[in-house]
Number of protein chains: 2
Amino acid sequence: MNILITNDDGIFAEGIYKLACALDKIAKVYIVAPDRQRSATGHAITMHEPLRAEKVKFFDKDFDAWAVSGTPTDCVKLAIEALLSEKIDIVFSGINKGPNLGTDVLYSGTVSAAIEGAILGYPAVAVSLADFKNVNYNVAAKFSITVAEKILKNPLPPDTLLNINVPNCKEEEIQGVNITNLGARKYKNSFIERIDPRGQSYYWLGGEVIDTKDNDGSDIHSVKNNCIAVTPIHFDLTKFDLIEKVKKWNMQVK
Amino acid sequence: MNILITNDDGIFAEGIYKLACALDKIAKVYIVAPDRQRSATGHAITMHEPLRAEKVKFFDKDFDAWAVSGTPTDCVKLAIEALLSEKIDIVFSGINKGPNLGTDVLYSGTVSAAIEGAILGYPAVAVSLADFKNVNYNVAAKFSITVAEKILKNPLPPDTLLNINVPNCKEEEIQGVNITNLGARKYKNSFIERIDPRGQSYYWLGGEVIDTKDNDGSDIHSVKNNCIAVTPIHFDLTKFDLIEKVKKWNMQVK
């Protein structure tokens with residue numbers, strides 16, 4: 001089995017190392033990841049400048065690894081279309097440092113890389129550790145092996161993938177695995193205005209999470225209760241049940 | 001009525017000028033747009049560096065206009081949360097030079113800006129001209145007025161928005177307005193490898209469109225037939241009908 005691994009925290013982040021070491025036990029792993037921190041890049045692709053891909057030593061391992069000057073989505077495209085000649089069986093993205101829950105997935109480079117894998121026709125999984133402090137990737141890494149094995153036995157339909165969030169706790173503290181929906185995780189954005197030494201203002205994006213419409217079946221609820229959240233997602237944004245309604249507006253070019 | 005206008009082609013692109021001039025006929029327009037070309041940025045946000053917002057002269061107009069150093073999504077957040085004190089009635093993004101059809105919407109800065117508007121709770125519309133050459137924004141600009149008027153009379157449900165693609169033709173050549181679904185517009189990605197003067201390779205993302213699973217109700221089909229495509233979209237990526245199926249995998253932390 002061949003597994004392509006990418007992330008959005010950059011190729012030298014601890015999370016991708018832990019994921020690669022875990023999946024190395026069941027597959028040949030190929031790492032193609034951004035050369036630096038590229039979180040919150042969403043599904044950005046690099047069209048207006050060329051990409052560099054440099055073969056790098058991946059920590060203490062002999063894995064095939066490339067550091068790419070682009071976004072996570074670029075990495076998946078470039079890996080599949082240019083760098084690798086081997087047939088890839090699964091695309092993994094992660095382990096992200098921090099949650100990718102609910103509406104957050106729209107901003108997430110981690111999830112977007114997995115979406116790109118699915119667009120290109122591969123089974124794809126995004127894995128995130130739902131915390132920023134005192135991170136312990138062990139449970140997420142171990143669970144990724146389970147997911148890889150399950151996804152090969154139980155193929156997902158085309159154009160779908162799994163988004164996984166793992167609570168930051170010890171294995172014995174995990175309360176279970178839930179198959180969830182995306183919750184509504186919105187932010188109260190607050191921009192902090194500051195003045196630079198030349199008297200010009202600039203803004204930092206701040207903001208705190210507001211959990212709205214949280215429901216028992218959501219990924220957010222699951223992680224709060226120390227359960228692993230596995231959310232099946234797709235990328236057809238059509239709001240089908242609105243089509244007939246908008247037809248009745250009877251819009252014309254006038 | 002107050003309308004916030006952004007885009008991803010940059011604040012000095014012709015498309016945003018045409019849109020602002022059209023909507024100025026029915027509303028007070030505020031322009032907050034990237035200071036340069038930011039297409040294909042997806043839903044990227046700027047978290048690791050601060051944003052600059054400079055008040056600028058917008059072509060020959062006296063509109064309130066800011067050029068922002070961030071992405072289209074940043075522009076909407078910053079406009080709503082920091083720059084504008086007025087209550088905004090609609091967020092418009094466009095007019096994009098080039099189509100945003102089918103799967104493309106995932107990569108589109110134009111559509112992502114409108115999605116951000118919807119996330120923040122505003123009626124939101126993305127408008128694109130479905131061509132790159134000999135562009136004529138007149139029909140798209142005029143139709144945007146119709147859409148603005150209709151959307152105020154017929155509020156969309158929360159967390160939904162409209163994605164509009166207008167064929168690049170004269171008004172009399174438009175064959176109608178269709179309410180559509182997103183087609184499957186995938187790319188045969190081809191990376192072109194080149195060698196720089198120092199002997200190092202680099203890659204350009206190329207690629208041609210492959211229209212797969214195109215159906216009569218799709219936005220792609222509509223634009224091909226010289227009809228305006230209006231697609232209601234949302235941003236909950238949950239694939240609900242897969243939840244029960246994945247539950248049966250019975251995954252454990254082992």
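Predicted model: local features only at pLDDT ≥ 70, side-chain atom pairs only at ≥ 80, totals over all residues.
Two copies of a chain are related by a rotation about an axis and a shift along it. The same surface is used by both copies, since 100% of the contact residues of chain A recur in chain B.

The contact between the chains takes 69 residues from chain A and 69 residues from chain B. On the side of chain A that touches chain B, the elements giving two or more residues include helices and strands. The helices are helix 2, helix 3, helix 4 (138-153) and helix 6 (243-247) of chain A. The strands are strand 8 (176-179), strand 10 (191-195), strand 11 (201-205) and strand 13 (227-234) of chain A. By class, this side of chain A has 39 nonpolar, 18 polar and 12 charged residues.

Strands of a sheet pair through backbone hydrogen bonds, either parallel or antiparallel. In chain B, nine strands form an open sheet with mixed pairing, in the order 3-4-2-1-5-6-7-13-8. Strand 3 (53-55) and strand 8 (176-179) of chain B are the edge strands, and each pairs on one side only. On average, and with direction ignored, neighbouring strands of the sheet are turned by 20° against each other. Strand 5 (residues 90-97) and strand 6 (residues 124-129) of chain B pair in the parallel sense, over five bridges. B:V91 has B:A124 of strand 6 of chain B as its bridge partner.

Two helices of chain B pack on this sheet. Helix 1 (residues 14-23) of chain B touches strand 1 (2-6), strand 2 (28-34), strand 5 and strand 6 of chain B. The direction of helix 1 makes about 140° with that of strand 5 of chain B. Helix 3 of chain B touches strand 1, strand 5, strand 6 and strand 7 (160-166) of chain B. The direction of helix 3 makes about 170° with that of strand 6 of chain B.

Two packed helices are described by the angle between their axes and the distance between the axes. In chain A, the axes of helix 2 (residues 72-83) and helix 3 (residues 109-119) come within 7 Å and cross at roughly 30°. Angles under 35 degrees count as roughly parallel, so helix 2 of chain A is roughly parallel to helix 3 of chain A. Their crossing is right-handed. Helix 2 of chain A contributes A:P72, A:T73, A:C75, A:V76 and A:K77 to the contact, and helix 3 of chain A contributes A:G109, A:T110, A:S112, A:A113, A:E116 and A:G117. By class, this contact has four nonpolar, five polar and two charged residues.

In chain B, helix 2 (residues 72-83) and helix 3 (residues 109-119) pack at an angle of about 30°, with their axes 7 Å apart. Helix 2 of chain B is therefore roughly parallel to helix 3 of chain B. The crossing of these helices of chain B is right-handed. Among the residues that meet are B:P72 and B:K77 in helix 2 of chain B, and B:G109 and B:G117 in helix 3 of chain B. The contact of the two helices in chain B has four nonpolar, five polar and two charged residues by class.

Conventions. Residues numbered from 1 in each chain as written. Chains lettered and ligands numbered in written order. Axes fitted to C-alpha atoms, helices over the stretch in contact; angles between N-to-C directions. Helix = DSSP H or I, 4+ residues; strand = E, 2+ residues; numbered from the N terminus. Parallel < 35°, antiparallel > 145°, perpendicular 65-115°, else oblique. Left-handed = near helix turned anticlockwise from the far one by under 90°. Contact = placed C-beta atoms within 7 Å. Nonpolar A, V, L, I, M, F, W, Y, C, P; charged D, E, K, R; others polar. Pairing = 2+ DSSP bridges.
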